[in-house]
Amino acid sequence: MNLPNKLTIARVIAVPFFIIFYMRGYFIAAFILFTAASLTDMLDGKIARKYNLVTNFGKIMDPLADKILVYSAFCLMIPEPVPGWMFIIILAREFTVAGMRTVAASEGIVIAAGMSGKIKTVLQMIAVPLLLLVPAFPDFEPLYLAAQAFLWASLVMTVYSGVEYVWKNKEVFSMK
């Protein structure tokens, strides 16, 4: 197994530890672990492309590992600071895109991730660490405001990227 795939697996393995830290109120430890795991996402992609180590496993597991990490964090933060309705919108976009990719793949078509989807992921991976720090520093209003701004920006980009994805790939709906 190559290094990028090991980093992807490490990101998935980090999730239960992140959950334990968060649920026990170790918000700084959860922040550090989440941030480190998020950085492996950037690192594994750069290494895979630079050294031509792109694999089918990585193509499937890398985005899945991101979703497991980010959505486990969002789920833990319901109802505060992440409202349940917001999480449902985020999940609806993900299920829609995943479903469309599955249908396309069944026809031998690979639909690459678009730039708006990548921006959505980056915004989410900034929002979550900020949100993790809020309970550690409850009286620091600028942190709360920044966390909320990135959370809302990620929601807007989630909706935008989902609409863009559906629009650009609408032919998937007419496949057998």
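Colleague: Quick one on Lys67. What is its relative accessibility?

Modeller: Lys67 comes out at 25% relative accessibility, so it counts as partly exposed. The scale runs like this: buried is under 20% relative accessible area, exposed is over 50%, and partly exposed lies in between (1.4 Å probe, protein chains only).

Colleague: What are the ground rules for this model?

Modeller: It is a predicted model: local features need pLDDT of at least 70, side-chain atom pairs count only at pLDDT 80 or more, and totals for chains, interfaces and linings use all residues. Residues are numbered from 1 along each chain as its sequence is written, and side-chain values use heavy atoms, with hydrogens and water left out.

Colleague: Back to Lys67. Which residue does it form a salt bridge with?

Modeller: Glu94, with the closest N and O atoms 3.3 Å apart. The pair links distant parts of the chain, 27 residues apart: Lys67 sits in helix 3 (residues 56–76) and Glu94 in helix 4 (residues 84–106). A salt bridge here is a side-chain nitrogen of Lys or Arg within 4 Å of a carboxyl oxygen of Asp or Glu. Helices are DSSP runs (H or I, at least four residues), numbered from the N terminus.

Colleague: Is Glu94 buried or exposed?

Modeller: Glu94 is at 6% relative accessibility, so it counts as buried. Arg93 also meets Glu94 in a salt bridge, at 3.2 Å, N to O. Arg93 is at 11% and counts as buried.

Colleague: How many salt bridges in the whole structure?

Modeller: Eight. One of them joins Lys168 and Glu164, at 3.5 Å, N to O. These two are four residues apart in helix 6 (residues 141–168), so about one helical turn separates them. Lys168 is exposed, with a relative accessible area of 56%. Elsewhere, salt bridges that share partners join Arg11, Asp41, Asp44, Asp62 and Asp66 into one network.

Colleague: What does the side chain of Ser116 make a polar contact with?

Modeller: The side chain of Glu164, at 2.3 Å. A polar contact is a pair of N or O atoms within 3.5 Å; within protein, one must be able to donate a hydrogen and the other to accept it, and residues adjacent in sequence count only if both atoms are side-chain atoms. Ser116 is in helix 5 (residues 115–133). At 9% relative accessibility, Ser116 counts as buried.

Colleague: Which residues is Ser116 in contact with, leaving aside its neighbours within four places in sequence?

Modeller: Met157, Tyr160, Ser161 and Glu164. Contact means heavy atoms within 4.5 Å.

Colleague: New topic. At what angle do helix 2 and helix 3 pack?

Modeller: About 160 degrees, with their axes 11 Å apart. Axes are lines fitted to C-alpha atoms, for helices over the stretch in contact, and angles run from 0 to 180 degrees between N-to-C directions. Helix 2 and helix 3 are therefore roughly antiparallel, a label for angles over 145 degrees.

Colleague: Which residues meet there, between helix 2 and helix 3?

Modeller: From helix 2, Phe34, Ala37, Ser38, Asp41 and Asp44. They meet Asp62, Asp66, Leu69, Val70 and Ala73 in helix 3.

Colleague: And helix 2 against helix 5: how far apart are the axes?

Modeller: The axes of helix 2 and helix 5 are 8 Å apart, and the angle is about 165 degrees. That pair is therefore roughly antiparallel.

Technical notes: Parallel < 35°, antiparallel > 145°, perpendicular 65-115°, else oblique.
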